Amino acid sequence: MRAYVIKRIFAAVPLFFIISFCSFLLINLSPTDPAEAALRANDVPVVTQELVEQTREQLGLDRPFLIRYGNWLSDSLHLNFGQSYVKRRPVSSLILPAFLNTLKLVTVTSVTVIFLSTAFGVFCALREGSRADKVTRGVLFAFTAVPSYWVGILMIWFFAVRLNLLPTSGMGSAAHYILPVAVMSSGYIGFYFRLIRNSMVRNNGENYVLYEKASGLPDRLVNRHILRNSLQTAVSGFCMAVPGMLAGTVVVENVFAWPGIGRLCVSAIFDRDLPVVQAYIIVVAAFFILFNLIADLVNAAINPKLREE
């Protein structure tokens, strides 16, 4: 197992450098001059060419591309993402609080998705082909197909405006989590519950299940073994769902005015605040790689055959 862990970690390092280089390159290929964008974002009345050149020198944009990339990557690895062009503050002081707010939302959503996906998956697998199975699959599929922003607006209208039960925006109490978590979970539950259900149905026909049933093992224990063997497929999906949620909170955070990293990134894009956008990309990419690594290690721990591949 130790050799497999070392091998996977060394495979993740070059992937991180490739993503960081591509993101830095794409942002620098933008037709917008960052120096001019910084001046306009700070409401400079007259943007002259001399002022643009002076700003480019102050921001270090007059240096060669590879030197700028090297400096940016080195600083980013030390959690120094530079200075915001708009707010004139260190980007880390903007990213960190917003990231923690998003992480709280993603943590509650992940627990909800895992619990409900497993519960619905087991419920439908044990009732394969029944009316309850078909109705549950249909309802959850409908939630998966509906855009999250539309579900969010409907929930705000019904629970906040009509019934006046829940707050519509911001964060501060447990009630503020209910609507954003419900909207984010609705799309993921329909997907992951099908993974578990289909895997359990497939495992139910395996020889070891027939042997356990023929041996007189109680249904409770047989179902537990089926569920354990069926979770391997879902583990990868669950692990990759977490960074996917981090990157996918943009819509929900803007609908519910949640002060997270997605909302911060959208604001930075409109203001052309490139250091904030670059920091967002590198943080999300790092989490994608980290959770991909965790998924591989968990799968290898469950199935020793994967360590030999």
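How many of the 309 residues of the chain count as buried? The figure is 37%, where buried means under 20% relative accessible area, exposed means over 50% and partly exposed is what lies in between, using a 1.4 Å probe and protein chains only. Keep in mind that this is a predicted model: local features need pLDDT of at least 70, side-chain atom pairs count only at pLDDT 80 or more, and totals for chains, interfaces and linings use all residues. Residues are numbered from 1 along each chain as its sequence is written, and side-chain values use heavy atoms, with hydrogens and water left out.

**Overall layout**

- The chain has 12 helices and 0 strands; these are DSSP runs numbered from the N terminus, with helices being H or I of at least four residues and strands E of at least two.
- Read from the N terminus, the elements go α-α-α-α-α-α-α-α-α-α-α-α.
- The C-alpha trace spans about 85 × 60 × 30 Å along its principal axes.
- Take the contacts (heavy atoms within 4.5 Å) with a separation of 6 or more: 74% of them come from residues 24 or more positions apart.

**The nonpolar core**

- The largest nonpolar core holds 66 residues; such a core is a set of buried Ala, Val, Leu, Ile, Met, Phe, Trp, Tyr and Cys residues joined through side-chain atoms within 4.5 Å.
- Ile95, Ile261 and Val283 have the most contacts inside this core.
- Skipping neighbours within four places in sequence, Ile95 is in contact with Ile261, Leu264, Val276, Ala279, Tyr280 and Val283.

**Helix 1 against helix 4**

- Helix 1 (residues 2–28) and helix 4 (residues 65–77) have axes that come within 11 Å and cross at roughly 125°; axes here are lines fitted to C-alpha atoms, for helices over the stretch in contact, and angles run from 0 to 180 degrees between N-to-C directions.
- That makes the pair oblique, since angles under 35 degrees count as roughly parallel, over 145 as roughly antiparallel, 65 to 115 as roughly perpendicular and the rest as oblique.
- The crossing is right-handed, which means the near helix is turned clockwise from the far one by less than a right angle, anticlockwise being left-handed.
- On the helix 1 side, the residues involved include Phe16, Phe17, Phe21 and Phe24; on the helix 4 side, Tyr69, Trp72 and Leu73 are among them.

**The loop between helix 10 and helix 11**

- Phe256 sits in the loop between helix 10 (219–255) and helix 11 (261–271), and at 2% relative accessibility Phe256 counts as buried.
- Not counting residues up to four places away in sequence, Phe256 touches Gly152, Ile156, Thr168, Ser169, Gly170, Leu179, Pro180 and Val183.
- Phe256 and Tyr149 are 107 residues apart in sequence, yet their C-alpha atoms are 9.8 Å apart.
- Ala257 is in that loop too, and has a positive phi of about 50° although it is not a glycine; Ala257 is partly exposed, at 25% relative accessible area.

**Another positive phi**

- Leu79, also not a glycine, has a positive phi of about 60°.
- Leu79 is in the loop between helix 4 and helix 5 (91–126), and counts as exposed at 59% relative accessibility.

**Cysteines**

- Searching the whole structure turns up 0 disulfides, a disulfide being a pair of cysteine sulfur atoms within 2.5 Å.
- Cys265 is in no disulfide, and the nearest cysteine sulfur, that of Cys22, is 17 Å away.
- Cys265 is buried at 7% relative accessible area, and Cys124 is buried at 0%.
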